[in-house]
Amino acid sequence: MGFNLMAHLSYRVRILLLFTVCLTVVGWATSNYFVDAIQEIPKARDFMTNFIKATDRVKEETRKEKTPVKKAEPEDCPSTSPYLRGQSKLVFKPDLTLEEVQAENPKVHQGRYHPEECKALQRVAILIPHRNREKHLMYLLEHLHPFLQRQQMDYGIFVIHQAGSKKFNRARLMNVGYLEALKEENWDCFIFHDVDLVPEHDFNLYKCEDQPKHLVVGRNNTGYRLRYKGYFGGVTALTREQFFKVNGFSNNYWGWGGEDDDLRLRVELHRMRIIRPLPEVGKYTMIFHTRDRGNEVNIERMKLLHQVSRVWRTDGLTSCSYKLLSVKHNPLYINITVDFWSDP
């Protein structure tokens, strides 16, 4: 019995020793794990800090990409363009096509152009009355587009075509051009331009001044002299306000002659004075042509001129009637086709 007691005690001691060894091993392993974990905490903290910074940078870059970038407003164009060349030798190729003219002016879109490098000082509408002068129109467009671009103009070219067989009415077509062009843009300046006159000198600026401006000082078929004192035809420039103030052109000049003198009288009645460029600058080439059928000399013109002071308020923009047939945006110009249903 004594032996059994000793054996039982020895067994319990062995179990206790084994349990103690196990606890020691587990304690040692656990302590090493926590020591290693504690040593790794700074590394984990650094990793998370760098991760958060990288995430913030990505968010900031994404925000910047989504935020629209405002383009800097271009500066005003200089009063004298650096691209001007002065006098040009004009050449009119007999086999010229509109496709060639279009290829030479790739920055003109639907008859409109504006300089990219600066903000033009004025928005200018060129109004060209037209009927049966396709070749003349092509020659004018060939020279006028680069001429205006060298002047750094923000411009649009409007060709106002008179349909039908009634007598040609240049003045009423000009009124139509003014009224229709203003539906597209609030133009600052209007250039009233015959289709057969081509400017030779690009210092002859196609912009408006504080007084109405007559641009054709001389042309080749008059020896580059003014046709007569008071001549105000061919190419003229008036601001939107100036033209409105005189009530535009008269609508009653059917056939050739008189309407430009009528406009001069309206300008003078409003105590405005006509200005012109220097003679060596205001030079034009007139493309030769014979008198058009339907544009015979207006034998009533002198009678109408004597009535200007009496009728200018009621005869002009305020009474301009027409039937608008179409407005077509061609690559090089805006074509406005109208019909006048009443004869003179």
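Begin by selecting Q162, which is placed in strand β3. Helices (H or I, at least four residues) and strands (E, at least two) are DSSP runs, numbered from the N terminus. The model is predicted, so local features need pLDDT of at least 70 and side-chain atom pairs count only at pLDDT 80 or more, while totals for chains, interfaces and linings use all residues. Residues are numbered from 1 along each chain as its sequence is written, and side-chain values use heavy atoms, with hydrogens and water left out.

**Around Q162**

Q162 has a relative accessible area of 1% and is therefore buried; buried means under 20% relative accessible area, exposed over 50%, and partly exposed in between (1.4 Å probe, protein chains only). Display the backbone oxygen of K167, which lies 2.9 Å from a polar atom of the Q162 side chain. A polar contact is a pair of N or O atoms within 3.5 Å; within protein, one must be able to donate a hydrogen and the other to accept it, and residues adjacent in sequence count only if both atoms are side-chain atoms. Not counting residues up to four places away in sequence, Q162 touches H130, R131, K167, F168, N169, L173, V338 and F340, where contact means heavy atoms within 4.5 Å.

**Charges over rings**

A charge sits over a ring if NZ of Lys or CZ of Arg is within 6 Å of the ring centre and within 35 degrees of the ring normal. Next select K283 and Y224: K283 lies over the face of the Y224 ring, 4.7 Å from its centre.

**Aromatic pairs**

The whole structure contains twelve aromatic pairs. Rings of Phe, Tyr and Trp (its six-membered ring) pair if their centres lie within 6.5 Å; planes under 30 degrees apart count as stacked, over 60 as edge-to-face and the rest as tilted.

Select F92 and Y139; their ring centres are 5.1 Å apart and their planes stand at 65°, so this pair is edge-to-face. F92 belongs to the loop between α1 (2-66) and α2 (98-104), whereas Y139 belongs to helix α3 (residues 134-150); the pair links distant parts of the chain, 47 residues apart. F92 is partly exposed because its relative accessibility is 25%, whereas Y139, at 8%, is buried.

Move to Y113 and Y155, a tilted pair with 5.6 Å from centre to centre and 35° between the planes. Here, too, distant parts of the chain are linked: Y113 is in strand β1 (residues 112-113) and Y155 in strand β3 (residues 154-162), 42 residues apart. Both tyrosines, Y113 and Y155, are buried. Then select Y178, F190, F192, F243 and F249, which ring pairs link into a cluster.

**Disulfides**

Finally, display the cysteines; the structure has two disulfides, each a pair of cysteine sulfur atoms within 2.5 Å. C77 is joined to C118, with 1.9 Å from S to S, and this link of C77 and C118 is right-handed, with 90° about the S-S bond. C77 is in the loop between α1 and α2 and C118 in the loop between β1 and β2 (123-130), so the bond ties together parts 41 residues apart in sequence.

The other disulfide joins C189 to C208 (S to S 2.0 Å). The link of C189 and C208 is right-handed, with 75° about the S-S bond, and both cysteines, C189 and C208, are buried.
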